[in-house]
Structure formats: structure tokens, C-alpha cells
Amino acid sequence: MTQEPPPERTTGKLNRVVNVAILVTLAYLLLQPSGIIGSRLIAAFDGWRAGRALDRVWPELVETPSRLVGRSVQVERTIVEFIDYECPFCRIGAGRVFDLVAAEGADIAIRHLPLEGIHPRAREAAQAAICSEQHGVFAEAHASLLNEDDWLVGGDWGGWAVRRLGIQDTGAFQRCMADEETARRLEEDVHLADQLGIQGTPGFVTAQGVFGGRLDEALASLHVPVLTLADGVLFASGDHGDAAVAEIGFLGGGLFTGERRIVLVDRFSLLLLFIELPTGELQIQGGRGEGPGEFDDLAPTLGRGPDGPVAWDTNQRRATFYSQEGSLIATHHVRSGLKHSGREVFLGALDGDGALAFLVFADPAQEPNGAVVRRSAFLSVQLPDGDAVAQVREFPTTETLIVRDPPLFPYSEKAVLFGAKTYFAKIGDRVVVADTQTDGVVSYDRTGVAVMSMRTPGERRRVSRAQIEAVTESLKDRDRQIQERRQQTGSPTRDVFDDYVSSPEAPAIDQMLADWAGRLWLRQYMMPGDTSQHWTVWAGQDHVFSVELPLEAVLMDAQGDLLLLQTQDDLGVQQAVVRRIS
């Protein structure tokens, strides 16, 4: 005979079943795609996925000849619009889009997303717009397709090109319409839209995000503040009470070392001057010699270590580590692995374990006389547990003209005006490299693997004959002054070039530095006639603000809203100043 379970046990089991059923039902209602939590999770995931895709495709996305240029062509101030010429929202809002973007001093790059399922003529219209580029009338084609209706009926694209764009070679235009390359361009645009999760038009994208049809939000994302120097000087070395600071012989660089502390290098005395800004308290290190913390003839270059600044003595192959306050912590010799060319650049200690990162510049290869070459540099790393230095990656560096005519021995280098250069900086345990020939900024880890990349901000600019002549005369004056000083001191003289070769375009940038907080500062290439310096400041791939500086100021470092600058007084005496930006 089967015994019945007690009533309370049956009730408890039933309650558990009911509770599970309730939880399952709630989970389904909340987590399904239309549910409260589910919809939010999906939206968050879609946003994350689009952001990751944007980081990857943005350089490709803005590289299109389909552009409507406003007052600016800076990449970080570009709006990419995905468009369908039959889309009523694109057509109605076309004038507003152009007016608002132009008012922002920005640029519109057009990508095509014909929604063929509902707009049967949109694909041909996109092909016509692409083909108008070959005749230099894309902006006119874009406006006609959005504002006029004659192309919506019939298929005479050759006649449309004549009537609306003034294109006489209708055969070439119609061949372009049927060309596989035109179809490939269009499919590339559609693929980019798919990667970014854009399914409708208009779709707006900036370097900061994907905004769908929300033009106002896309425009707002371009609002990067432009800062200038605030009134007043927080610190000036010429006003310091100690003569070592007030009468610094030749300012050879400086860094912020911590909260309201700086270190300056005197290239004449080879002294390191550690200064607390609020009080002026001074700690002096260095000097000429071979003892710990002393330097041999050449002024040290400064890098950042895990605990404070690091000074590199090229001649002695020695790194000296200091605390933020200026106390000497340790010295470290590098005894092997660096190919000596006299051009080693010390980047600093890689954070964490004290590994050292170097740039070693190789001599140019045996190129024929009068050849323009890119020199090579090797990123080299020495781990703290050994003397061996490993070369982990090779980079191109400055573009120069190699001249080997006698009596030059073994060769002489001639500057290429507006030539390609490579700039280096250290952020944490990574080395950032900006190459002006490829217009790329790439961050590498200590093994030489690229971990982050972005396009160099700004655009190349055509160089005029007057600008070439102005820079040439400036360099000749500099060479003559160097020759005079060498003759006065009895030093060997060197050849002065009568002329310089020039690139037809100036790169987008001409300086780069990483500040105390790991932000990257990139300066727009300075051209003759410019009245100020324009710096863009980046935290990773985010453009956080820009800074306009006077022409005469030399930016050495930054910390928060403070800048460490090198300036000259009315008598030409150098000094270091700290000023605030606002």
C-alpha cells in the first residue's frame, strides 16, 4: 500500500514549482528582445559593437573622394553621411545638413546606402554620383540628385550629366556607370554601413560615434574645446632666488615630475634642477663627471620612469633614475647591444619592471649620390634582469638627401624641406610612433606588436614656392651662424649647402609629445606665415581638446591644465615658465 506524502510536503513542492514558473516567466518577459532588460542589453551590445567597428574602420571611412568641403578639412571635424538619393528624409533635410555642417567649419564625407528594396532608382543615382567625381563635379551632382526630380523617371543618365553637370563626354560617363569598379565602390560603402550597424538613411557618423539620423548629436560630438594661455605666469625660472635657476645657461628641456614639481636641464652646466613650484625649493643633481648621477660632456635626455624622471647619458651608456623630488635612486649601465652611431635616443623606463626602451638610429645604407632616403631607427628594449638589448622593431625616420661627393666623408646629409619624419613618445609601457609619410599614429608594446592606431589628425598642405624660399633662407642663416660660432671657437667647420630639395606637400604634423598624464599632443605643421601654434590633444583615440599657443613658445611638457614652456625675454635670454590653459 502506497503511503501518501504529508500535506505540508506536497504544498512545499507545489510552491517551488510555482516559484520556478514565475521566475521563468519574468525572465522571458524581461530578457526577450522586446523586454525591458533584454532590449537594453541588446542596445548596449549593439552600441559596443558599433563603437569597436568604428575604431577599426574610421580611417577607411573618411578616405573617400565624395566630399562636400566646408571651412575645415581636419579629419576629426568630419561628418560621414550615409545617403540614399531617393530617401525622402535625405532629400528634405539636405539643405539643413549642408548649412549646419558648414557653419561648424566641418566637412561632409558622403557614403552611399541605396535601399533598393523600397527605392528602385537609388542604386543608379549612387553610381551617377560616384562617376561625377571623375569630372570634378561631385558636389554639383550631389545637390542635383537631392533637389531635383527629373532623374527619378527614365534612364537617360548621359543626358542628365549634360543638362545638370555640364559633362560633354557622355560616353565616358555611361561607361563609368557600368564599370565593375563603380559597383565595387558602392558595395564597399554598403559593407561599411553594415559593419557600423547602419540600416537606414540618413546615417551620420563622426570619429566620436555612430548617430543614425540624429544630425544634432553628430554635430555636438565635434565640439572639442579650443584652449589658450590664461593670463598670468605661475612660475618663471628667471625670477627664482637661486642663480643656478635664474641664470640657466642653455635650457635643454624639462618635465613635470609630479604634482607641482618640475625638472629642468641646463645644457651648459649639465645640471638637473628639481624645483617645487609652490615654494621654489631646489634640489640640484648632475654636473660634469663620471661619478653616479654625473654626465659626460653631452647634456642628458630625460624620460619618465615608474618613480620619477630618468636621465640618459649617451656617452656613458647609463640611465640614472631619480625620485619625483630629485633624490638619486639608482644608475644602470647598458654595456652591449646598442649599435653605436652617436644618435641613440633614450625614451625612458617602461612602467612596471624597469625595462629600458631605446631608439637606435642606423647609418644610411650605401645609396647613390644625391639619393633621398628614409633613415632607419630600431626600437630596442633591455629587460632589467640582463645586459642584452633586443631590437624589437624597425621604423623609418627623417627623410634626407645623402650627398657623397668629395671632400665629404663618408657622407653628408642635406635636409629635405617639408620631408617625411617619424616622431616617438612613451606612454606607460608603450611607445607611440607617428609617421608623416603614412599619416598614421600607432602604439606598440615592448614586443613590437601594434596595440592601437589612428589616423594623424589634420591634412597635408600644398607648399608654395614662396614658402620654400622662406624656409630655405632661414636654414641658410642658421648654417651661417653655426659656421661663425665654429670658427670663433676653433671647432671644425662643415659644409654649408647652397640649396635644399623640397617635398611638394607639408605633412599634417611636425611635433609630438606625451604629457605627464599620458595624453598625446600633436602639433599641426607650422608653415611660414602662420601666426600661432595649433596642438590637438588625445586620450587614446579620443580628441579631448585643442590648444592655441604663441609662435615663440616651446612646449616642453603638460600636466592637467598646466604647461611647461620655454620662452625668451626681450634680450633673448631663455627661461622656463609654467602657465595655465583655459
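Q: How many bridges pair strand β22 with strand β23, and in which sense?
A: Two strands pair if DSSP finds at least two bridges between them, and strands are DSSP runs of E, at least two residues, numbered from the N terminus. Here β22 (residues 430–435) and β23 (residues 440–444) are joined by five bridges in the antiparallel sense. Ala434 stands opposite Val441 in β23. This is a predicted model, where local features need pLDDT of at least 70 and side-chain atom pairs count only at pLDDT 80 or more, while totals for chains, interfaces and linings use all residues. Residues are numbered from 1 along each chain as its sequence is written, and side-chain values use heavy atoms, leaving out hydrogens and water.

Q: Which strands form the open sheet, and in what order?
A: Follow β21-β22-β23-β24, with antiparallel pairing. β21 and β24 (450–455) stand at the edges with a single partner strand each, so one side of each has no neighbour in the sheet.

Q: How many aromatic pairs does a search of the whole structure find?
A: Rings of Phe, Tyr and Trp (its six-membered ring) pair if their centres lie within 6.5 Å; planes under 30 degrees apart are stacked, over 60 edge-to-face, and the rest tilted. The search finds 13 such pairs. One of them, Trp312 with Phe358, is edge-to-face, at 4.9 Å centre to centre and 70° between the planes. This pair links Trp312 in β13 (residues 309–313) to Phe358 in β17 (residues 356–361), 46 residues apart.

Q: Are Trp312 and Phe358 buried or exposed?
A: Buried means under 20% relative accessible area, exposed over 50%, and partly exposed in between (1.4 Å probe, protein chains only). Both Trp312 and Phe358 are buried.

Technical notes. Helix = DSSP H or I, 4+ residues; strand = E, 2+ residues; numbered from the N terminus.
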